[in-house]
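Subject: Structure handover and findings

Hello,

Here is the structure I promised. Please load it first, then read my notes against it.

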Amino acid sequence: MIVKYFATLRKITGVQEENINAKTVGELLEIIEGKYGKEFHDSIFSGENFKKGVIILKNGKNVIYLDNLNTKLEDNDIVSIFPPVAGG
Amino acid sequence: MIGGYTGKILRVNLTDEEINIEPLNENYARKYIGGRGLATKYYMDIVKDAKIDPLDEKNAIIFATGPLTGTPSPSASRYMVVTKGYLNNAIAGSNSGGFFGPELKFAGFDMVIVEGKANRPVYLFIKDGKVELRDASHLWGKDTHETTDMIHKELGDDKIEVACIGPAGENLVRFAAIINDKHRAAGRTGVGAVMGSKKLKAIAVRGTGKIQIADKSGFTNVLKDKLKKIKENSVTAQGLPTYGTAVLVNIINSQGLYPTKNFQFGQWEHANELSGESMSEKYLIKNKACFACPIACGRITKLDDLDSEGPEYESLWTMSADLDIKDFEKVIEANYYCDKYGLDTISFGGTLAAAMELYEKGFIKDSELDGIKLKFGNAEALVKAPELIAFRKGFGNKLAEGSYRLASSYGHPEFSMSAKKQELPAYDPRGAYGHGLEYATSNRGGCHVRGYMISPEILGLPEKLDPLKIEGKGAYTKMFQDLTAVIDSSGLCLFTSFALGADDYKDLLNAVTGFNYTTEEIMLAGERIWNLERIYDLNAGFTKNDDSLPPRLTKEPMPDGPNKGSVLPLDILLKDYYKARGWDEEGRPTKEKLKSLDL
Ligand code: SF4
């Protein structure tokens, strides 16, 4: 599936998007953390939980309204990951 | 001792060129805080007839700071322009940052109240308590940048802060802005046209005074605590400084509420190419902060020989996705012209979007257009439009009336994406119900900064709400609107609220003013201000029927993206909201409610 990174995460990953396959959102995040290390982890998590304002979307739907870390993923899904950002 | 306020109000009558200085009413100050709230109270005391024509000589226009403006409080940069708006006849409160507001305080005034009409162009010069009305005949016709530079030159001081109108304000464009610091705008509701009708080209201020702090040692600690919160918050410490407000483009687009082609769609395929991230990569020179702002969300951008600021998120959206224009450089250029000529970018783009839809659907004919095709995607139309509108040239004269009057003149007001005749900002409420409620109930018409429900519904701040749920949205929207009224009245930038909450604002207000508010009292003041504005709008002739949105949003299902099929259930949301506000079913504050607010 395609994983898209936004805002400050792009500074860590060095790419805007890439192909990674995983069965769930949780598994996907583990793979990404394995690749980019603590800096990525700290941008997304505070302890065990997502940082306030972190947004993870599966095909545009926030995973907290799906099955959160257990949300199932298919090959043709698009996952978008945002650190806490805002504007107006 | 009361701190924060200078204690002086400047009153200028342009008809007879009379200048008076009055003491601030301290009871009012405590009840309505300052800025938006206090100025609305003064405005309603002075202009008794709420049905007045905004351009009538008897209309007043007020430039008001808050008690925190100009203090070292975080982002204490704001002043508010309060009048009856020319765009929609509602109470207009338009706020701007930069350095003008603080300078007005240093010059000795909390507020400037301007009444009457001059018989020739004039500008007001205020320097350390001294006030002078000066001839502005040579400035009339000049743009906001030229005006600022010429005032600096003729007064021999480039530290003078200038808030002025451009040709758009002079030519009474319905959505003319007041511009300070060349690129900061009190943009919305057509306040620039009211200034233009008074032949008041500019207010120039210079001051060296100090603002008293009631509890100095308490303030030092409070300030430390609030700055720490801002520095530790990912949004105010990283997101906004790194990418500016345009960082929102991808978030809003990915979640399917990025209005595209006049709100016909909820996603735009080119969003990532014209986003905060790509702007930082290609055009950003450096950040720019308003007075005392640790966030510095402003962008200084460079494009060939054009030194510009922005575009901010709303401006970027309204000139790109809303018009389907993919040329980033043309967007930067058009945004620059809007600042230069003194136009509100949101209403500018929203009006152009409505015109493009009317053109593509065959209502606007080529014969009306002097050779410019108003097709979606036409970047040439975008860069030419600011000048045509500001000078009311050719078809620009029709565009200068705003989208609602334009679309109505072709018999199709439904193509105007507006609320109370003011163009809507960059979020399709079919993807965020609370935000739709905020659009419909905003006292100044379609607006996102009267109670920014995108924050909880989409960004998850301060907590995550389901954007497509109805329950509880009435009370939440009310709470956000009341808190925003407090922030706008205190003189701080709304963006501090991503890191600070009601208790923090109370701490700052107490340390500076010495008023000893409780958190409940400041929230009550916010509610009082909201209800005061509502009373004004009701007196001006607005009814429940005006708490409405275009049928596209409430009847046509979203055609694409993650919100496909969604419509905004506005009627149900409104019922819930009126109840939460303690208003009757017609949306009028009840006697009991007014009594409880001491109104
Ligand atoms: S956050 Fe941005 S708009 Fe607000 S005061 Fe700071 S620089 Fe100005």
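This is a predicted model: local features need pLDDT of at least 70, side-chain atom pairs count only at pLDDT 80 or more; totals for chains, interfaces and linings use all residues.

Residues are numbered from 1 along each chain as its sequence is written, chains are lettered from A and ligands numbered from 1 in the order in which they are written, and side-chain values use heavy atoms, with hydrogens and water left out.

**Ligand site**

The ligand is surrounded by 13 residues. The closest are B:Arg78, B:Cys290, B:Cys293, B:Cys297 and B:Cys493. A residue is near a molecule if one of its heavy atoms lies within 4 Å of it. The shell holds eight nonpolar, two polar and three charged residues. Here Ala, Val, Leu, Ile, Met, Phe, Trp, Tyr, Cys and Pro count as nonpolar, Asp, Glu, Lys and Arg as charged, and the others, Gly among them, as polar.

Two domains of chain B contribute to the shell: domain 1 (8-206) and domain 2 (243-422) each supply at least three residues. Domain bounds come from an automatic or database domain assignment.

**Aromatic pairs**

Rings of Phe, Tyr and Trp (its six-membered ring) pair if their centres lie within 6.5 Å; planes under 30 degrees apart count as stacked, over 60 as edge-to-face and the rest as tilted. By this rule there are 28 aromatic pairs over all chains.

One of them is B:Phe363 with B:Phe415. This pair is tilted, at 6.1 Å centre to centre and 40 degrees between the planes. It links distant parts of the chain, 52 residues apart. B:Phe363 is in the loop between helix H13 (345-360) and helix H14 (379-390) of chain B. B:Phe415 is in the loop between helix H16 (402-409) and strand S16 (418-419). Helices (H or I, at least four residues) and strands (E, at least two) are DSSP runs, numbered from the N terminus.

B:Phe363 is partly exposed, because its relative accessibility is 28%. B:Phe415 is buried at 8%. Buried means under 20% relative accessible area, exposed over 50%, partly exposed in between (1.4 Å probe, protein chains only).

Another pair is B:Tyr427 with B:Tyr452. It is edge-to-face, with 5.7 Å between centres and 70 degrees between planes. The partners are 25 residues apart. B:Tyr427 is in the loop between strand S17 (422-423) and helix H17 (433-441) of chain B, and B:Tyr452 in the loop between H17 and helix H18 (454-459). Both tyrosines are buried. They also belong to one aromatic cluster with B:Tyr258, B:Tyr313, B:Phe495 and B:Phe498.

**Backbone exceptions**

Most residues other than glycine have a negative phi, and most peptide bonds are trans. Please check these four spots.

- B:Gly310 and B:Pro311 are joined by a cis peptide bond, omega about 5 degrees. B:Pro311 is in the loop between strand S15 (306-309) and helix H11 (313-319) of chain B.
- B:Leu461 and B:Pro462 are joined by a cis peptide bond, omega about 0 degrees. B:Pro462 is in the loop between H18 and helix H19 (473-490) of chain B.
- B:Thr189 has a positive phi, near 75 degrees. Its loop runs between strand S11 (184-186) and helix H6 (191-197) of chain B. B:Thr189 is buried at 2% relative accessible area.
- B:Asn262 has a positive phi, near 60 degrees. Its loop runs between helix H9 (248-254) and helix H10 (276-282) of chain B. B:Asn262 is buried at 1%.

- B:Asn119 and B:Ser548 are 429 residues apart in sequence and 40 Å apart in space. B:Asn119 is exposed at 68%.
- B:Lys199 and B:Pro456 are 257 residues apart in sequence and 43 Å apart in space. B:Lys199 is partly exposed at 31%.
- A:Leu57 and A:Phe6 are 51 residues apart in sequence and 12 Å apart in space. A:Leu57 lies in strand S5 (residues 55-58) of chain A and is buried at 0%.

Best wishes
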